[in-house]
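The following exercises concern the packing of one protein chain. Please work through each task before reading its solution.

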Amino acid sequence: MTRLLCALAITCMALWGQLAEAGEKMKVVYHVADVEKVGFALGNMANHIKGAGGPENVDIVLVVHGPALKAFHDGVDANPKVLERLTALQGNGVTFEACGNTMNAQSVSLDDLMPNFTRRDEGGVVRIADLQSQGYIYIRP
């Protein structure tokens with residue numbers, strides 16, 4: 001697993017170097033489906049922005065589906081730490097997208113989620129594949 005993560009990191013750095021030379025933003029899609037990975041993924045995205053030299057150098061989309069979406073439910077039980085990190089990431093241009101199928105299964109609407117989510121009715125995995133076809137690098141913490 002460590003070798004895989006190292007290889008992924010080296011690949012991402014090489015791609016970022018090529019994109020930086022071309023004057024293009026790195027495009028990355030983060031995928032989170034496991035509720036216990038939410039905090040880790042949010043931290044990875046913040047570190048990614050910092051490591052890329054700031055939000056002007058990277059375009060990040062987080063696609064959330066499955067049990068992980070529960071971590072982004074708003075209301076009385078909302079985790080203030082998740083909301084704080086989400087707000088900071090959104091301030092750095094990160095977009096948050098929720099799987100419409102998961103929203104239906106959890107009986108939630110956009111009003112039930114933390115601010116500024118976009119609903120993806122085609123489904124989370126379809127959206128991830130679409131972003132990859134547009135040149136986004138896939139990361140699943």
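A contact here means heavy atoms within 4.5 Å. The model is predicted, so that local features need pLDDT of at least 70 and side-chain atom pairs count only at pLDDT 80 or more, while totals for chains, interfaces and linings use all residues. Residues are numbered from 1 along each chain as its sequence is written, and side-chain values use heavy atoms, with hydrogens and water left out.

**Exercise 1.** Locate Gln 106 and determine whether Gln 106 counts as buried or exposed.

*Solution.* Step 1: Gln 106 lies in the loop between helix 4 and strand 4 (117-120); helices (H or I, at least four residues) and strands (E, at least two) are DSSP runs, numbered from the N terminus. Step 2: Gln 106 counts as buried because its relative accessibility is 18%; buried means under 20% relative accessible area, exposed over 50%, partly exposed in between (1.4 Å probe, protein chains only). Step 3: beyond its neighbours within four places in sequence, Gln 106 is in contact with Gly 66, Pro 67, Leu 69, Lys 70 and His 73.

**Exercise 2.** Identify the side chain with which Asn 104 makes a polar contact.

*Solution.* Step 1: Asn 104 belongs to helix 4 (residues 100-105). Step 2: its side chain makes a polar contact with the side chain of Arg 119, at 2.8 Å; such a contact is a pair of N or O atoms within 3.5 Å, and within protein one must be able to donate a hydrogen and the other to accept it, while residues adjacent in sequence count only if both atoms are side-chain atoms. Step 3: the C-alpha atoms of Asn 104 and Asp 121 are separated by 9.7 Å, and these residues are 17 apart along the chain.
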